[in-house]
Every structure is written in structure tokens, then in C-alpha cells.
Amino acid sequence: MLSAAPRPCEAIASFAGAPAFQPMKVMPMSRRRQIYEGKAKILYEGPEPGTLIQYFKDDATAFNAQKKGTINGKGVINNRISEHVFTRLAHIGIPTHFIRRLNMREQLVRQVEIIPLEVVVRNVAAGSISKRLGIEEGEPLPHTLIEYYYKDDALNDPMVAEEHIACFGWANNEEMQDISSMAIRINDFMCGMFAAVGIRLIDFKLEFGRIWDGDYSRIILADEISPDGCRLWDMTSGEKLDKDRFRRDLGGEEEAYQEVARRLGLLQDDANPGEVFDLSAHRTKLRTGHKPKK
Ligand code: 5GP
């Protein structure tokens, strides 16, 4: 939905629809202007006005960067998984910032004015809601919950109510309606997409941005969707296939991320995308080149 609002000068992106992208040379990384560096991604100025290049790092952080590390190859896998999910979401009519993947670690995206909220969708209790409300991890919630967190590292991303969002003008009512209805549609789609490959979607985080067309703006999905910002549990074994492996020192994070990509059909080794995941067997296979006997 379009909403009229004052037009900030930096957001005058030339979007009368997506620009027509011809095959192009992307400037070498050293000569690009860096716009922003986050914990897991870097944003560079894009080749056209109103575009950015989103670079996926292997760096991993948790607990507001108190824990730092790297997950080898994470950037490559997240770039691919996020491309896949955003492309499929576009097919069901969710507007997104994704334009196209450029190479192993980079994608071309639309520049947005980021809404300073983390939108968390929960189907099953885990993580902070379990801690906060004393609900056992793995307990299905009576219905899907949407929570909002104010994006501010210094404040540790506090949870906020819609009243705070309206009061401080982070998004208007119409924008919040778009955000919540998109979040529900994205959840429905992703639950089905992951269930089809034997993965239970426990919860995930979304970010949205505003793009401008003259004096009008609209909300589109931004950032990324990957195992960094989702809880993904194997449907049969309950094995965690997401960043909780890193957060909780469980080990096997590289294999887990790869497994998600493999099941989605994004890796070469895609013989049995629905096969039940056995992390220790997978590790043995990687180490020895042989599948262990059951
Ligand atoms: P929780 O509030 O339980 O810690 O997180 C809920 C969901 O949102 C989890 O899937 C988690 O991965 C995701 N999430 C929450 N905050 C962040 C964040 O700052 N970065 C990322 N990548 N994901 C987050």
C-alpha cells in the first residue's frame, strides 16, 4: 500500500519500477564506497542510483556481539539461501529489496530507508520468549505471534509495543498493517517451504524498509532470510540447523547451514533433499568420505 509522507532527500531513488539491469561489470571491492558494515554483512554503493551491493561475511556474533566468531562459508550459503527465499517470496507477491545475486557473496538490492524494527515471528516457543515467560522450548504456541524489537545495539534491541512504534514515529499505522500482514504471509509460505524438506520453522526475524516514488512511499522486505535469523529444527530428530549451534556452542554450524541449503536444493550434492539429517553421520562422512554403517 502507498502512503504519503515527506520525502527525505537521500531517499530519492529513481524507482519508477526496477531499473533495467543489463549484464554489467561490478566495480572491484577496493574501489567501492562502503555505506555500512554490520555484524554479518557489508553494504556498498550499487552501480545504479537507488541500488546497493549486499556482501555476506562469514563473521558470526551473538548476544549483541559479546560472542564473536566465524562460520566458514556462511556468507556464501546465506547469500544463496536468501536469494532463494526472497525470489520465492516475490513469486507470491511479497515486494522485496532483492534484485539479483551477483556472485558467491554478493547480491544487488534496492536501497531502502530501513524501518528501525526487528520483526520476530514465532510459531513455537524458543529463545527469548521461553526465557522471558518460562515456556518450555519446543512448546507450540496457541497461535503465531509477531513481536517487535527496536533496533538499537546500545539498548540491546528492546522489545516494543505498537504504541511505542506509533508514538516515536518509527512506522505509521498503515505501514504497520503492511508489515504485519506481510510477516504472516511470509511465515505461512516459509513454514510450507521448510516443511517440504523436513524442517520445522520455529521462529525468525524480518526487517523491512521504505522506498520512495515521488512523495509516496511503500514498505518492502529487506535484509536477508537465512539460518542466521531463523530457528530451523529437523522435523524428525529436532536437531538445530541454525545459528543456535553457534550461540549455544553446539558445534557443527557449518554442516548445519550446508544441510539447510542442500535440502532446499541449492547445493550440488542434492541426491536426497528430504533425507532425515543425522549430524554425526554427516560429520563422519565429511571426515572419511564414507557414510557410517547404521
Ligand atoms: P529470540 O528473540 O528468541 O532471541 O530470537 C527470535 C528469532 O529472531 C530467532 O530466530 C533469532 O535468530 C532471530 N533474531 C533475533 N534477533 C536477531 C538479530 O539481532 N540478528 C539475527 N540474525 N537474528 C535475530
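## A cysteine to start with

Is Cys-167 buried or exposed? Cys-167 counts as exposed, because its relative accessibility is 59%. The cut-offs are these: buried means under 20% relative accessible area, exposed means over 50%, and partly exposed lies in between (1.4 Å probe, protein chains only). Cys-230 is buried, with a relative accessible area of 4%. The structure holds 0 disulfides, where a disulfide is a pair of cysteine sulfur atoms within 2.5 Å.

This is a predicted model, in which local features need pLDDT of at least 70, side-chain atom pairs count only at pLDDT 80 or more, and totals for chains, interfaces and linings use all residues. Residues are numbered from 1 along each chain as its sequence is written, and side-chain values use heavy atoms, leaving out hydrogens and water.

## The chain as a whole

The protein chain has 7 helices and 15 strands. Helices (H or I, at least four residues) and strands (E, at least two) are DSSP runs, numbered from the N terminus. Of the 294 residues in the protein chain, 47% are buried.

Contact means heavy atoms within 4.5 Å. Take the contacts between residues at least 6 apart in sequence: 60% of them join residues at least 24 apart.

## An open sheet and its helix

Five strands form an open sheet in the order 2-3-4-8-7, with antiparallel pairing. Two strands pair if DSSP finds at least two bridges between them. Strand 2 (34–37) and strand 7 (98–101) are the edge strands, and each pairs on one side only. From one strand to the next, the twist averages 25 degrees. Strand 7 and strand 8 (residues 106–110) run antiparallel and are joined by 3 bridges. Arg-101 stands opposite Gln-107 in strand 8.

Helix 1 (residues 74–91) packs on this sheet and touches strand 4 (51–56), strand 7 and strand 8. The direction of helix 1 makes about 130 degrees with that of strand 7. Such axes are lines fitted to C-alpha atoms, for helices over the stretch in contact, and angles run from 0 to 180 degrees between N-to-C directions.

## A closer look at helix 1

How far apart are the end C-alpha atoms of helix 1? They are 26 Å apart, which agrees with the 26 Å that its 18 residues should span at 1.5 Å a residue. The expected span is 1.5 Å times one less than the number of residues.

Just after helix 1, Gly-93 takes a positive phi of about 90 degrees.

In soluble globular proteins, nonpolar side chains tend to be buried together. A nonpolar core is a set of buried Ala, Val, Leu, Ile, Met, Phe, Trp, Tyr and Cys residues joined through side-chain atoms within 4.5 Å. The largest one here has 48 residues. Ile-186, Met-190, Phe-194, Leu-206, Phe-208, Leu-221 and Ile-225 touch the most other members. Helix 4 (residues 173–195) supplies the largest share of this core, 9 residues.

Met-190 touches Val-85, Leu-201, Phe-204, Ile-225 and Cys-230, not counting residues up to four places away in sequence. A second, separate core has 5 residues, including Ile-42, Tyr-44, Tyr-55 and Leu-108.

## Strand 10 and its partners

Why is strand 10 (residues 117–124) described as largely enclosed by the rest of the structure? Because 8 of its 8 residues are buried. Strand 10 pairs with strand 11 (residues 140–150) in the antiparallel sense, over 7 bridges. Here Leu-117 stands opposite Tyr-150.

Strand 10 also runs antiparallel to strand 13 (residues 199–213), joined by 4 bridges. Val-121 stands opposite Phe-204 in strand 13.

His-164 is found in helix 3 (residues 162–167). This histidine is partly exposed, with a relative accessible area of 37%. The C-alpha atoms of His-164 and Tyr-148 are separated by 9.9 Å, and the two residues are 16 residues apart along the chain.

Ala-65 has a positive phi, near 65 degrees, and is not a glycine. Its place is the loop between strand 5 (59–62) and strand 6 (67–70). Ala-65 is partly exposed, at 25% relative accessible area. Asp-249, also not a glycine, has a positive phi of about 55 degrees. Asp-249 lies in the loop between helix 5 (244–247) and helix 6 (253–263), and is exposed, with a relative accessible area of 65%.
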